[in-house]
Structure formats: C-alpha cells, structure tokens
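Please keep the structure in view while working through the numbered points.

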Amino acid sequence: AATLQLAGQKTFRNGIIGTSNLTMNADCGKMLITGQTSVVGGTGSIMLNANGLDVSSEACTLISNKIINQNHVSGTISLMSNATLIAQTFEMSGTAIFHQQDNAHLKTAHANGVSGSIQTNTYTHGNYCHFTFNGAANQITGARMPATVGDVFIENSGTAGSNNNVSVTNTGIQTIQGNLTIMYGQMNLNSTAGADLLLHGNFTRYTTGFYNDNNRVTSFTGSKDSYVNRPLPPPASDEFTTFQDYGLAIVNKANGFKVILNTPTGITKKLTLINGIIDAIANPLYIKNEVADDGTNNGVIGGNNNSYVNGKLYRYMSPTTTGTYAFPIGKTDAAPSGKYKPVSFLSTAVASPGAVFRAEYFGGTNATPQAGPDETFLSASLRGILRDEFWQFDKMKGTENHKGKLVLPYENPGAGKWRDEDGISLRSEERRVGKECRSRWS
C-alpha cells in the first residue's frame, strides 16, 4: 500500500495500475492522469480525498475492474472535457463519486452500458456528454445513461440481426443534443409510450447499422441544422428507393434551421410539421403510408410559412379508399423570404395498386419548369408566367383509373379573378393529349 501525503498536484502521465492500494491523505493535492493515452487498472484500490482525481487523457483505457473509494464525502474521479474513458467490458466501482463533464466521452462495451461500466456509488454528469456503445453482443444503454446527452455512437460489432442490438433503457424522452451515428449494430428506441427521440444534430446511419424506432417518434428539434446521412448506400433499384425511413417524425426546429436530406428519405406512418424546413432539393421525401390524412395518426399533419418541404414530395395512395393527401410544399429561395405553397389531392376514385404522386413548387425569378414533354404544349405567354411561379404535380406510378381533385392555395377576391397571397392572378391553359386532358396553372 502507498499513501500520498504532500500538498500539490500529483501527475500520472501514463495512468495508474498496480496490485497495491493507493491512498490520498487529507493533505494530498489533486491527482491527475494526463497524456494522450493512459491506462487504469490492477487489483489495488484508489482512495480519494476531497481533491480527487482528474482524467484528461484523450484515450484512457480501463484494463481491468477497478475500485475507486473515498475517504472524504466529496472524493471524486472526474472525466474532464474532451477526455475519453474506454471502459471496454470492465467495471469501475467503489464509494467515490464519478463525474463526467460536458464533452467528456465514455466508450462502453459492457452489456449494461453506462450502468455496467460506472458502478460507483454516485454518478453525476453534464448535459452534453458523449457516449459510444461498442460491445460485441447485445447491450442496453443502462439506467445511468443521461436523458440529455451530446453525441451518441452505435458501434456494436456482434452478430448482425441477433446479437448486435443497443437498446435504450430510458422510458422517457431521450434527447441527443449532438449527432447520432449508427455505424455497426441496431439501435432500438424504448417501446414505452412517450419514449421518443429528440435529435438536435445529424442522423447518420451506415449500411452496417440499423435503426428501430419501435413506433416511437423521431423528432428533429434544436437550434442547428440536422442532416440525414446514409454514407455509401447500396445502388438504388429505382427512383422510389429510400435509404432511411422513419415511422413517426416531427420537425420542430428553432426559427431558421432545417432538416437537410442527404439521402432519399421515407416516412412510413406520419409526418408532423411544426417549425423548420425540410430541404429535399438534392434528395426527395417520400410519404409511404398509403392511408389518407386523418389529422391524428396517418399521413401529414401541419405545414405553415415556417415549416414545409422545399423540393420534391412523393405520396403513396391507397388502393382501397379515397381521401385527402396534403403536399405541404414551398421554396426557400422564393422572394422575399421563402414561400409556403401547399397543394392537396382529393382522390375521388380508388387508386390502382402502387399509385404514387409527386409535387413540387417553383417560385422566384429564376424558376423554370422541369425539363420534359409536358412543357411543350404551353404558350409563350404562359411559359413566361411559369418562370415566376408554378407547381408541378405528376403521377409517377399507377394507371389512369386514379381520379381526383387538385386543390391550390388561391382565393377569389371577387369579380371572377382568382389571386394568390402575392396578388398574382391564376391562369390556366389546357390541352388534350391523347386520352388525357392536361392542365397547367400559374
């Protein structure tokens, strides 16, 4: 056994290992573990006084179970900001306090996650701590996983599909203020009602990673843009292939912030738009639930001047029932500060199986129609109007048996003149092409 008695800091650049007990007496100054890499382990315990032990290494590895006790009520081991503790499957226990500062990173391969790696009597933490779950078998995040964290990395290397799950223990809202990255393994949200995910940063899922929302809500929130990423996806089989799907999704960003789709993204049940733009310019958004909007459980809810889809929006239609399908679309580059120009499609005849419709709004002086044969029947005067503002609404799948009404956001101020909120008159030109009658409105 060894006892540290003198005042002043004690620096251990490579860590602390040993079979003997190490004790700080009341006069001993703070102990520090520094250096780019370090280790902590051995069968001997560490006894902390009120000055405690600070770990500031970029990578401090726990190489065995370790007991950290205290001989003072506030004896604390602190994982400092920008430091990382690589706990592997080992456990840190004892009577000491373990404190994780904001931006400190805990990597755990323990089956019980944070609760398994940190078993000291008391665990305290900031609100922006980072966590990696890198086990080789199923893991839970653990009851000690904070409800509000910074970045989360899922890197479980167990057998795909059966023994590589990382399941959230928290039965309440889990807030990730940073980024969620799923590289290996499957992340499962808790299935308890209300155990939703609030994500402020980016959602990135690799081909070797999986995301199971367990019928809980994935909510994009916070005061930063969120990017939906799918690095190195497999080849798309057709234009209807999505590489990231969410069951229930909410967009409720602070003013001026977006959800940017870096991969084709699908919603399989319901999308709620409260605040924040979905940027679908490079990659479309697909509402894959065929059930018509019902205002509660299916389709699209919301949409306003501050929250809409900027780009292509696809909607799948029911082959058995009719109903209304909202397309909350707009353009952020339309003067003066973006325009919300939704349309709705009211199906009046049952769609053919697999019917899919696509809508996009174009606005601003630089707006031009999408290239294609449909533009060839327009007069020169109508093409000029189209360069200012227009909608493009297409049936992408299905037969001509699907019928319905397209509702545009125009009002009649009287005298038979229909105008939009900007005072622009509504004009139409219609031409019969084969058996179909095609209309263009502007």
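1. Strand E34 (residues 323-327) and strand E37 (residues 343-347) are joined by five bridges and run antiparallel. Two strands are said to pair if DSSP finds at least two bridges between them. Within this arrangement, alanine 326 stands opposite serine 344 in E37. Strands (E, at least two residues) are DSSP runs numbered from the N terminus.

2. The model is predicted, so that local features need pLDDT of at least 70 and side-chain atom pairs count only at pLDDT 80 or more, whereas totals for chains, interfaces and linings use all residues. Residues are numbered from 1 along each chain as its sequence is written, and side-chain values use heavy atoms, with hydrogens and water left out.

3. Strand E34 is mostly covered, since four of its five residues are buried. Here buried means under 20% relative accessible area, exposed means over 50%, and partly exposed lies in between (1.4 Å probe, protein chains only).

4. Arginine 358 belongs to strand E38 (residues 356-363). Is this arginine 358 buried or exposed? Arginine 358 counts as buried because its relative accessibility is 9%. Its side chain makes a polar contact with the side chain of tyrosine 314, at 3.3 Å. A polar contact is a pair of N or O atoms within 3.5 Å; within protein, one must be able to donate a hydrogen and the other to accept it, and residues adjacent in sequence count only if both atoms are side-chain atoms.

5. Asparagine 214 counts as partly exposed because its relative accessibility is 26%. With 74% relative accessibility, leucine 232 counts as exposed.

6. The last point concerns the lining of the largest cavity. By class, this lining has eleven nonpolar, one polar and no charged residues. In this classification Ala, Val, Leu, Ile, Met, Phe, Trp, Tyr, Cys and Pro count as nonpolar, Asp, Glu, Lys and Arg as charged, and the others, Gly among them, as polar. Among the lining residues are Phe220, Tyr246, Thr265 and Leu285. A cavity is a set of points, on a 1 Å grid over the protein atoms alone, where a 1.4 Å probe fits but cannot get out; lining residues have an atom within 4 Å of a point.

Methods: On a 1 Å grid over the protein atoms alone, a cavity is a set of points where a 1.4 Å probe fits but cannot get out, and a pocket is an open set with protein on both sides within 12 Å along at least five of seven lines; lining residues have an atom within 4 Å of a point.
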